[in-house]
Amino acid sequence: MLGQSERDRPAPLRRLPSILGRAAAGAAALLVCVMIVSPGVLFGRDSDRLDGQLTGQLQELGFTGRVESTLTRRLGRPIDKPLASIGRLLWFDTITGLNGDNTCAGCHSPTNGFGDSQAIAIGIDNNGVVGRDRRGPRNMRRAPMVLDTAFFPSLMWNGRFSSSSGDPFDNSAGFIFPPPEGRSLSSEPHLLVAQAFIPPTERTEVAGFSFAGDNDGIRAEVMRRLNAAPAYRRLFARVFPAVRDGGPISYEMFARALAEFEFTLTFADAPIDRYARGDLAAMNTEEKRGALLFFGNAGCVSCHGVSGNSNEMFTDFKEHAIAVPQLVPQLTNNQFDGVGGNEDFGREDFTGEATDRYAFRTPSLRNVAVEAAYMHDGAFTSLAAAIRHHLNARASLLDYDPHPQHLPPDLTGPIGPRAPLLAALDPLLASRIFTASEFDDLVTFVRDALLDPRATPINLRKLVPAELPSGNQTLSFEFGTTRHAPSTAPRR
């Protein structure tokens, strides 16, 4: 700016020499230069007013920015690091899936915040790659992100795993699962421990269709394979005296290990949290303006809540029908709903209630910047597009074209019927109009102010094991443009 010609200089600076003189013009030019280079900076009263409004909103909502620090207290103990370490190894090991080609990390990948690398998940019969180049038959929905799920009282897109008390740390009222488990897992100490009983039994995710047994039979076979791995027996023996004394690794131990690893994936120290704790410089001006919209006129917080049982997770943990375009894979190993086999009835599949049709659980917005796609079926591959859908869901659905979303070719065919989605649209999604700058501020807040740096791929790639106790090969993870395939030597 200071070296530019008079012709290129902004109009205010061209007038200054005749008014203030050359020296004053230079000083004023420097001031305007700083303001132009840093348009997100406010000074004095404007900055104070913005902070006053935002801190007031957060206090009214009861948002403390301290939820992560409550984990140990709510567990009633510190995280068991040796057990969590075993859970991390299991997370990446195909020994847990009877089909032998997928594991937790295949769909809940460190490349994307332990969420899905795909718009719609690819489970069994995949090509061994996790990332953009993953191939295989698709499931019905995308795998939800695992980060911060220690604080989730309901899990999955249709909320079919939940704590009746509304508290995942409290099993006193029981945990609810679909049949055949029902309430049988209610004795488990945390909802995540109970949930860990389910994934190995899912046919299209990891189990495959060759094994003839029921859910208990599948679990027993997984345990048989795990107990046949001497390195795993040595690891479990360090934590569980019963194994050290020669007893078998039980499924309960297996489930506890997976859940313990998930507890370590609590990343809730984003700029918004630091701001709420008093660091007013943790967020820039655009993020603060976006936060005021989010918590205020935009109405986002009515569903993406932070109060009470929301546990500051930016979700109400309830199901809503928001007219998301329904993608239909060309190749799938799932049975879709509807007469045309091209719909997903959402929560109705669990409750059997027609009023729950097309309703899906509100996702947490924490760390969404690292997601590969958005909504239950990945219909939108940019955060801006997903947010824009909420501003006018009806128009968004009617105008939807999968091609501009840069989806894989097998997801760009005809979508499911629009009319029934519009008929079920939640009235909470009333049309809203924002200026371009307001919309940009809102996107900036959700993208940047809710992101904990620990959730980025550059940090999470460190969690991919260098080797696995089973001796199995690790899946190949695509971090950016490179694939991360650790050493496959068995642990000695």
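Okay, a definition to start: helices here are DSSP runs of H or I with at least four residues, strands are runs of E with at least two, and both are numbered from the N terminus. With that in hand, H376 sits in the loop between β6 (360–361) and α16 (383–391).

Before I go on, the housekeeping. This is a predicted model, so local features need pLDDT of at least 70 and side-chain atom pairs count only at pLDDT 80 or more, while totals for chains, interfaces and linings use all residues. Residues are numbered from 1 along each chain as its sequence is written, and side-chain values use heavy atoms, with hydrogens and water left out.

Back to H376, then. Is H376 buried or exposed? Buried means under 20% relative accessible area, exposed means over 50%, and partly exposed is in between, using a 1.4 Å probe and protein chains only. H376 comes out at 3%, so it is buried. For contacts, the rule is heavy atoms within 4.5 Å. Setting aside neighbours within four places in sequence, H376 is in contact with R141, R142, W157, V324, Q326, D344 and F360.

N367 has a positive phi of about 65° although it is not a glycine, and at 0% relative accessibility it counts as buried.

Now zoom out. The protein chain has 20 helices and eight strands. Of its 492 residues, 54% count as buried. If you take the contacts with a separation of 6 or more, 64% of them are between residues 24 or more positions apart.

On to the cores. A nonpolar core, for us, is a set of buried Ala, Val, Leu, Ile, Met, Phe, Trp, Tyr and Cys residues joined through side-chain atoms within 4.5 Å. In soluble globular proteins, nonpolar side chains tend to be buried together. The largest core here has 71 residues, and L90, W91, F114, L226, Y232 and F236 have the most contacts inside it. Elements giving two or more residues to this core include α5 (81–91), α9 (215–227), α10 (230–239), α12 (251–264) and β7 (476–479). Which element gives the most? That's α12, with nine residues.

Have a look at F114 while you're there. Not counting residues up to four places away in sequence, F114 touches a list that includes W91, F92, P144, M145, F261, L265, L460 and L463. Apart from this core lies another one of 58 residues, among them A291, V324, L365 and A449.

Next, the helix packing. α5 and α12 pack at an angle of about 95°, with their axes 7 Å apart; axes are lines fitted to C-alpha atoms, for helices over the stretch in contact, and angles run from 0 to 180 degrees between N-to-C directions. That makes α5 and α12 roughly perpendicular to each other, a label covering 65 to 115 degrees, with under 35 roughly parallel, over 145 roughly antiparallel and the rest oblique. Among the residues making the contact are L90 and W91 of α5 and F254 and F261 of α12.

In helix α9, E221 is buried at a relative accessible area of 15%. E221 and L98 are 123 residues apart in sequence and 7.9 Å apart in space, C-alpha to C-alpha. Leaving out residues up to four places away, E221 touches L98 and F211.

Strands now. Two strands pair if DSSP finds at least two bridges between them. Three of them form an open sheet in the order β2-β3-β4, with antiparallel pairing. β2 (154–155) and β4 (175–176) are the edge strands, each pairing on one side only. Within that sheet, S162 has I176 in β4 as its bridge partner.

Elsewhere, β1 (residues 129–130) and β7 pair in the parallel sense over two bridges, and V129 has S476 as its bridge partner in β7. Where do the β7 side chains point? S476 and E478 go one way, F477 and F479 go the other way, and all are buried.

The peptide bond from P179 to P180 is cis, with omega near 10°, and P180 lies in the loop between β4 and α7. F314 has a positive phi of about 60° without being a glycine, and F314 is buried at 0% relative accessible area.
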